[in-house]
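Student: Please take me through this structure with questions and answers, starting with the terms I will need.

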Amino acid sequence: QVQLVESGGGLVQAGGSLRLSCVVSGGTFNTYSMDWFRQAPGKERERLAAISWRGNSAYYLDSVKGRFTISRDNANNTVYLQMNSLKPEDTATYYCASRWGAAITYDYWGQGTQVTVFS
């Protein structure tokens with residue numbers, strides 16, 4: 001049974017930073033590409049960032065480019081999302097998801113971690 005567990009969310013003032021973590025257990029982490037999503041109340045889910053299973057390529061949503069950085073530690077089965085220069089509009093529940101290799105469908109999702117940015 002593969003499980004994804006996010007952590008690192010919280011309450012932060014605008015302009016601040018948070019680092020989210022997603023620990024994957026029960027699977028072969030280094031075969032998964034990993035993605036971060038977020039969803040705010042009343043809004044559609046957004047795909048924010050993705051990192052390949054090798055860690056040699058990444059994708060970012062335009063609105064977070066230059067502020068968010070995705071990285072992975074295959075030795076510790078963890079993917080990170082470093083979020084800097086946070087804005088109130090970044091307030092949402094953040095989720096990680098895994099997909100095998102370069103697949104476009106997601107196999108597993110975490111339960112989410114809440115990020116609230118106040119001005």
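Tutor: Strands (E, at least two residues) and helices (H or I, at least four residues) are DSSP runs, numbered from the N terminus, and two strands pair if DSSP finds at least two bridges between them. This is a predicted model, in which local features need pLDDT of at least 70 and side-chain atom pairs count only at pLDDT 80 or more, while totals for chains, interfaces and linings use all residues. Residues are numbered from 1 along each chain as its sequence is written, and side-chain values use heavy atoms, with hydrogens and water left out.

Student: Which residue in β3 stands opposite Glu 6?

Tutor: β1 pairs with strand β3, which covers residues 18-25, and this antiparallel pairing runs over five bridges. Within β3, the residue opposite Glu 6 is Cys 22.

Student: Which residue is joined to Cys 22 by a disulfide?

Tutor: A disulfide is a pair of cysteine sulfur atoms within 2.5 Å, and by this rule the count comes to one. In that link the S to S distance is 2.0 Å, and the residue joined to Cys 22 is Cys 96.

Student: How many residues apart are the two cysteines in the chain?

Tutor: Cys 22 lies in strand β3, whereas Cys 96 lies in strand β9, which covers residues 92-100. The pair therefore links distant parts of the chain, with a separation of 74 residues.

Student: Are Cys 22 and Cys 96 buried or exposed?

Tutor: Relative accessible area, taken with a 1.4 Å probe on protein chains only, sets the classes: under 20% is buried, over 50% is exposed, and anything in between is partly exposed. The link of these two cysteines is right-handed, with 65° about the S-S bond. By the area rule, both Cys 22 and Cys 96 are buried.

Student: Which residue in β9 is the bridge partner of Trp 36?

Tutor: Strand β4, made of residues 32-39, is mostly covered, since seven of its eight residues are buried. Eight bridges join β4 to β9, and the two strands run antiparallel. In β9, the partner of Trp 36 is Cys 96.

Student: Which residue in β5 is the bridge partner of Phe 37?

Tutor: β4 is also joined by five bridges to strand β5 (residues 46-51), again running antiparallel. These two strands form a hairpin with six residues between them, and Gly 42 in the turn has a positive phi of about 80°. The partner of Phe 37 in β5 is Arg 47.

Student: Which residue meets Arg 47 in a salt bridge?

Tutor: A salt bridge is a side-chain nitrogen of Lys or Arg within 4 Å of a carboxyl oxygen of Asp or Glu, and a search of the whole structure finds six of them. The one at Arg 47 has an N to O distance of 2.6 Å, and the partner is Asp 35.

Student: Which residues does one network of salt bridges join?

Tutor: Arg 38 forms a salt bridge with Asp 90, their closest N and O atoms being 2.8 Å apart. Arg 38 lies in strand β4 and Asp 90 in the loop between β8 (78-83) and β9, so parts that are 52 residues apart in sequence are tied together. Arg 38 counts as buried at 7% relative accessibility, and Asp 90 counts as buried at 1%. Through salt bridges that share partners, the network joins Arg 38, Glu 46, Arg 67 and Asp 90.

Student: With which side chain does the side chain of Thr 93 make a polar contact?

Tutor: Thr 93 has its place in strand β9 and counts as buried because its relative accessibility is 19%. A polar contact is a pair of N or O atoms within 3.5 Å; within protein, one must be able to donate a hydrogen and the other to accept it, and residues adjacent in sequence count only if both atoms are side-chain atoms. Here the distance is 2.9 Å, and the partner side chain is that of Gln 114.
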